[in-house]
Amino acid sequence: MIRLTVNGQAHELDVPSYRTLLDCLRYDLGLTGSKEGCGVGVCGACTVLLDGKMISSCIALAVFADGREVTTVEGLAEDERLHPVQQAFMDAGGFQCGICTPGQVVAAKALLDAIPHPSEAEIKEWMLGNLCRCTGYYKIVESIQAAAGQARA
Amino acid sequence: MIAFDYRAPRSLDETLAILQEYGDEARVIAGGTALVTMMRQRLAQPACVVSVRGVAGLGRIEATNGSIRIGALVTHREAECSPLIQERLPVLAETFRRVGTIRIRHMATVGGALAHADPNQDPPVTLMALDAGVEVQRAGGGRELPVAEFFRDYYESALEPGELVTAVTVPLLPAATGASYVKFLPRTADDYATVAVAATVTLEPDGEHCREARIALGSVATTPLRERAAEALLSGARLGERLLKAAGSAAKTAVDPLDDHRGSAAYKREMTAVMVERALTQAWAEARRAARASG
Amino acid sequence: MHFYDAKSHAAVTSFTAQVAEVAVDPATGQVTVLRFTTAHDVGTIINPLGHQGQIEGGLIQGLGFALMEELQTAEGRISTLSLGDFKLPTIRDIPPLTTVIVEDAVGPGPFRAKAIGEGSISPVAPAIANAVADACGVRIVDLPITAEKVYFALQDRKGRS
């Protein structure tokens, strides 16, 4: 039995010990925004925040989230208003097929929480672990720069 | 993954009791980045997984006499960003920073990096060059052993069943010493090293002769290695480009790399020489800076 | 002789020209792409953001194909079993890029558009291979152009000269 808060909502779940956090979010909670791209923690499509820190949920056990707060892509928007990072990705072309996008925006939100005005080098170092096949990354960098310019203070 | 018993002790004593009970049927999990991946690939199928994530007292970074003691549960990211480590042992902070990606570093721990015993990992190489000591506990006692004696084989450390890494203690650098970590990444920046070298160079008061050099190598054998032959070449010698090149060549003969996706054994052997020379050159420059700074 | 006239043949799509500027580390063979220019013969651009996105995405796919992606086999089985083994370009691998658009609004598509999705991927590896040959004199003819291949080719050349 684990008790965790996901996107501000408390949950009590009976999960087997071998359940990964990603599978728990997707199957036990129906939050299918986070994706399994590689299953070995490399690609970043499963990126979620655990107590504000970005992790690969595909190689984290669900039990690690017991007593903790998880933020997924579904938790970024406030009511009907997109998070500035989400809006920036839309406006600047930071996504195409969308499969890596949940991980990208969660990682980008964590970046701007930690470094509100990152340099290009800081963006690239932070986002190193979020792979993308469609965009070639240029517009991901531009999206994050745009979001940094517009982020709530 | 095959199902397993999951235990989450809150104290070190409780942890050690569980490990003694299960013996080699238990695996310890901290960050999980290595173990969960292995379990998903059926490379590890423990009957019991013991999480030490909630065990008190294993997450501290503290200065002790002439050393920094890093608790086993300190994450790579915490070590990388620690003001104490950045100031007193910047080469170690830099080494932790080179591991994988930030996501991995948020979870993977210092103790886990040692216990996993993968020769392709970064921190053990630098810890070996810095002559760090590993604190190990078991129910009823503990021991400390040098990092250089901690690795037996590929994925095999010196830990006996029932034992747990609790801390690593890293001596500060002597005066007039420079240190460097070189990670050769010919593919992408998030990869394991094709060849990794950590080196320290300590200068004699004349500023030109080497009092002592320490060289550790990663990704070139089934364990990280100290390269004593190359170290001996440098000890007491007058430093110069040709000597550093010779040290690199000496190191080449000591390694026994595997062919893998990051390079063939032949290439890794050649790159050992190149990277040892580069690491020594950087460490020497740092040593000259340190010697000048201390006047 | 047959000349294809873009104005009258729907089969003709577009041309691409690319320039890769690279540095080769002679001690290791490692290739770094310093700068990249890609020029495209396009018809009407219907969605500029999407159009540029296609160019950039294809380019980095080409970069991965050229320098790092390698599906390896051992005894008939695939041995690159995950993205830990099979490396794709990361955000740190992207070179500074200049895009040149040559507009010639006579494409066969809607609004006289031409194609863009595939143009930027194919010339990347040849451009890089040519740049490597220009930089250090060795010609690598199978992909990826790894540091190891360049290194041993350079050693071979030194051995023979």
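Residues are numbered from 1 along each chain as its sequence is written, while chains are lettered from A and ligands numbered from 1 in the order in which they are written. Because the model is predicted, local features are reported only at a pLDDT of at least 70 and side-chain atom pairs only at pLDDT 80 or more, whereas totals for chains, interfaces and linings use all residues. For the complex, the predictor gives an ipTM of 0.95 and a pTM of 0.95.

Contacts between chains were examined next, two residues being in contact if their C-beta atoms, placed from the backbone, lie within 7 Å. Between chain A and chain B, the contact takes 20 residues from chain A and 19 residues from chain B. On the side of chain A that touches chain B, the greatest contribution, 4 residues, comes from strand S4 (residues 53–56) of chain A; here and below, helices (H or I, at least four residues) and strands (E, at least two) are DSSP runs, numbered from the N terminus. That side of chain A consists of 12 nonpolar, 7 polar and 1 charged residues, where Ala, Val, Leu, Ile, Met, Phe, Trp, Tyr, Cys and Pro count as nonpolar, Asp, Glu, Lys and Arg as charged, and the others, Gly among them, as polar. Chain B is also in contact with chain C, through 13 residues of chain B and 16 residues of chain C. The side of chain C that touches chain B comprises 5 nonpolar, 6 polar and 5 charged residues.

Two of the chains are described here by domains, whose bounds come from an automatic or database domain assignment. In chain A, this assignment gives domain 1 (2–75) and domain 2 (84–150), and the centres of these two domains, taken over C-alpha atoms, are separated by 21 Å. Their contact involves 15 residues from domain 1 of chain A and 12 residues from domain 2 of chain A, with strand S3 (residues 47–50) of chain A giving the most to the domain 1 side, namely 3 residues. By class, that domain 1 side has 7 nonpolar, 7 polar and 1 charged residues.

In chain B, the assignment gives domain 1 (5–51), domain 2 (61–171) and domain 3 (177–293). The C-alpha centres of domain 1 and domain 2 of chain B lie 19 Å apart, and 14 residues of domain 1 are in contact with 16 residues of domain 2. Helix H1 (residues 12–22) of chain B gives the most to the domain 1 side of this contact, with 6 residues, and the residues of that side divide into 7 nonpolar, 6 polar and 1 charged.

Chain B also contains an open sheet of 3 strands in the order S1-S3-S2, with parallel pairing; two strands pair if DSSP finds at least two bridges between them. Strand S1 (5–7) and strand S2 (26–29) of chain B stand at the edges with a single partner strand each, so one side of each is left without a neighbour in the sheet. Neighbouring strands of this sheet are turned by 25° against each other on average, direction ignored. S1(B) is joined to strand S3 (residues 48–51) of chain B by 3 bridges, and Tyr6(B) has Val49(B) in S3(B) as its bridge partner. H1(B) lies across S1, S2 and S3 of chain B and runs at about 165° to S3(B), where axes are lines fitted to C-alpha atoms, for helices over the stretch in contact, and angles run from 0 to 180 degrees between N-to-C directions.

Antiparallel pairing is found elsewhere in chain B, where 6 bridges join strand S6 (residues 133–138) to strand S7 (residues 141–146). Val134(B) stands opposite Leu145(B) in S7(B), and in the hairpin of S6(B) and S7(B), which has 2 residues between the strands, Gly140(B) takes a positive phi near 95°. S6(B) also runs antiparallel to strand S10 (residues 164–171) of chain B, to which 5 bridges join it, and Gln137(B) stands opposite Leu164(B) in S10(B).

Finally, helix H10 (residues 241–254) and helix H11 (residues 265–293) of chain B pack at an angle of about 140°, with their axes 8 Å apart. By class, the contact of H10(B) with H11(B) has 7 nonpolar, 4 polar and 4 charged residues.
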